[in-house]
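Subject: Structure for your review

Dear colleague,

Please find below the structure that I am handing over to you.

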Amino acid sequence: MRLSHLFFTTLRDDPGEAEMPSHRLLLRAGYVRQLGSGIYSLLPLGKRVNDRVEQVIREEQDRIGGQEMEMPVVHPADVWRASGRYDAVGPELGRFKDRNGRDMVLAMTHEEVVGLLLADVVKSYRQLPMQVYHFQTKWRDEPRARGGLIRVREFVMKDAYSCDRDEAGLDVSYWAQHGAYVRTFERLGLETIAVSSDVGMMGGSQAHEFMVLNPAGEDVLVLCETCDYAANRQIAIVPKPDAAPEDALPLEEVATPGTTTIATLAAFLGVGPERTAKAAFFMTGDGRLVTAIVRGDHEVNETKLVNAVTATGGIRPATVEEIKAAGMEPGYGSPIGAHDTVVVVDDLVARSPNLVAGANREGFHYRNVNVGRDYTADVIADITNAQAGDRCPLDGGTLTLRNGIEVGNIFKLGTKYSDAFGASYLGEDGVAHPIVMGSYGIGVGRNVACIVEAHHDDKGIVWPAEVAPYAAHLVSIGAAKEPRVSEVAERLHSLAAEAGVRHEILWDDRDESPGVKFTDAELLGMPWILTVSPRSLAAGGIEVTERATGDRSTRPIEEVEGLLVNGFEAASR
RNA sequence: CGGGGAGUGGCGUAGUCGGCAACGCACGUGCUUUGGGAGCACGAGAUCGUGGGUUCGAGUCCCACCUCCCCGACCA
């Protein structure tokens with residue numbers, strides 16, 4: 001490809017609003033342009049990278065027997081009503097009406113369609129197990145897009161669906177996908193950590209998220225320093241030592257003016273925060289007020305809380321009015337004397353005697369509050385966030401917290417969608433059984449961004465060869481003075497093009513100064529930069545520079561021709 | 001949705017007290033230059049986010065709205 005004809009432009013200055021390196025570089029180097037919040041165009045260079053990433057994913061899906069297909073972006077709403085998700089999912093599901101007033105949906109995922117197709121196509125156990133996948137646009141009207149391609153509203157996802165006869169079969173498919181993901185991310189040049197994760201609204205029994213560590217990541221990972229325990233903080237187990245046994249003391253009301261936070265309360269009373277109970281209030285989607293009690297030195301984990309009360313539609317912080325309506329006083333709240341609220345108590349609080357808790361009266365707390373005696377827990381569960389320094393549930397090692405970006409996930413779905421759509425098969429036993437499903441997603445654009453996050457320097461992008469849009473970047477200099485420069489460049493360019501799409505090179509044939517060309521070559525990030533100039537020809541050939549290392553050498557023209565045809569692997573040796 | 005910030009040629013920005021919309025880069029033409037973001041000359045390019053208001057006069061002041069970014073909430 002001749003750069004003079006490429007639909008792109010580089011920016012000399014950093015775009016003002018791009019904060020993450022990947023966003024800044026993809027904009028500056030002319031790979032992407034923004035259309036709206038969380039909506040991006042891929043320019044030709046961006047499209048080529050995207051295609052290369054897709055191809056890696058495709059090869060690894062095919063390797064485990066995945067069959068590529070394609071399902072629609074626009075679905076009749078009835079399909080989503082059948083699974084219950086038309087109502088269960090909030091405004092992030094795009095909805096509109098067609099010209100006849102029928103409710104329609106912009107797909108955010110494709111379990112429903114797969115369920116329908118399975119009901120139609122699969123009849124016998126002989127057709128299982130089976131996996132299908134496709135690359136398709138998703139629309140998710142996220143509350144807030146951020147970080148360039150990291151979190152967008154419209155994006156292409158590889159979503160795969162495994163279909164098995166039973167749980168044992170699902171387990172095999174699940175771990176086959178796990179292996180495919182490990183190979184995929186390795187080929188993409190991403191260092192990932194597979195963490196156990198929440199099954200969320202997808203339903204199901206087991207899930208992993210593949211995470212890359214990144215300070216701007218939206219997820220918090222809980223990692224053990226001494227073993228391979230790794231979990232999303234949303235579900236990370238928090239082992240808690242038993243509190244020292246004490247006899248329950250009588251309840252005692254104390255005046256604690258101006259102590260609406262645990263810190264001020266503990267300081268006022270001269271006790272540690274671990275001797276207090278903290279109350280947090282939430283409303284569930286179905287209108288229940290949840291009072292969550294954790295010890296003062298912990299914080300509430302909302303995912304665990306949602307799971308503890310099986311809150312479909314999630315939870316949101318309760319308003320002051322809602323809290324007061326249940327007989328509690330924000331800032332001085334506790335379940336003591338409260339009504340019309342679901343009380344969820346962290347297991348540690350349930351075992352901790354004589355805590356300080358709110359008196360539901362402004363400016364007052366109780367000492368020596370004991371669960372069971374002074375108020376009743378509707379649910380006792382682990383509802384706290386893991387904290388740095390906590391003990392690992394596996395080997396007792398020290399836990400650390402790191403931020404991560406989710407580049408892929410795998411879910412054991414079970415039969416939720418096959419049940420909803422009547423997707424069953426006739427077994428050897430002559431009886432109908434529901435098909436057991438799994439679902440497996442990789443966001444393509446987010447992976448592109450994460451690759452740039454992991455592979456760039458102060459000059460620009462440094463693509464791994466596996467995903468680079470072109471095999472090399474050819475810079476021709478001094479063509480006006482030495483006609484052989486253009487001749488040689490022309491020959492290399494067409495030779496590479498004839499060798500196939502994976503061998504194509506980008507030729508900067510523009511009439512620009514050498515400085516501009518070198519700077520752009522480094523910004524664009526092809527793994528190899530070839531320079532042909534009167535100087536290089538005089539030195540015996542072509543200057544070959546490895547982008548990642550900066551290693552530079554002059555090679556005979558015939559050798560470079562060989563690299564173009566046979567691949568640059570030989571050049572690294 | 002809450003908090004914060006920003007909308008001025010393609011990009012990055014300046015614009016003071018309300019008084020001819022400016023600078024750098026990029027772009028076009030010509031000449032010079034050609035191994036690390038060249039020089040000179042000339043030139044094109046702006047509904048100052050939108051609507052309303054105040055004023056002799058609004059990029060600037062007031063009101064409403066829209067959009068984008070960041071933090072949080074949210075998130076399959």
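Of the 573 residues of chain A, 43% count as buried. Please note that this is a predicted model. Along the principal axes, the C-alpha atoms of chain A fill a box of roughly 100 × 65 × 50 Å. The secondary structure of the chain comprises 17 helices and 31 strands. Among contacts in chain A with a separation of 6 or more, 71% are between residues 24 or more positions apart.

Two parts of the structure are described in more detail.

Helix H1 (residues 21–28) packs against helix H12 (residues 444–454) at an angle of about 100°, and their axes are 8 Å apart. Since angles from 65 to 115 degrees count as roughly perpendicular, H1 and H12 are therefore roughly perpendicular to each other. On the H1 side, the contact involves Pro21, Ser22, Leu25 and Leu26, which meet Ala449, Val452 and Glu453 in H12.

Four bridges join E18 to strand E19 (residues 364–369) in an antiparallel pairing. Arg361 has Phe364, in E19, as its bridge partner.

Yours sincerely

Note on methods. Residues are numbered from 1 along each chain as its sequence is written. Chains are lettered from A and ligands numbered from 1 in the order in which they are written. This is a predicted model: local features need pLDDT of at least 70, side-chain atom pairs count only at pLDDT 80 or more; totals for chains, interfaces and linings use all residues. Axes are lines fitted to C-alpha atoms, for helices over the stretch in contact, and angles run from 0 to 180 degrees between N-to-C directions. Helices (H or I, at least four residues) and strands (E, at least two) are DSSP runs, numbered from the N terminus. Angles under 35 degrees count as roughly parallel, over 145 as roughly antiparallel, 65 to 115 as roughly perpendicular and the rest as oblique. Two residues are in contact if their C-beta atoms, placed from the backbone, lie within 7 Å. Two strands pair if DSSP finds at least two bridges between them. A residue is buried if 20 or more other C-beta atoms lie within 10 Å of its own, exposed if 12 or fewer, and partly exposed in between; C-beta atoms are placed from the backbone.
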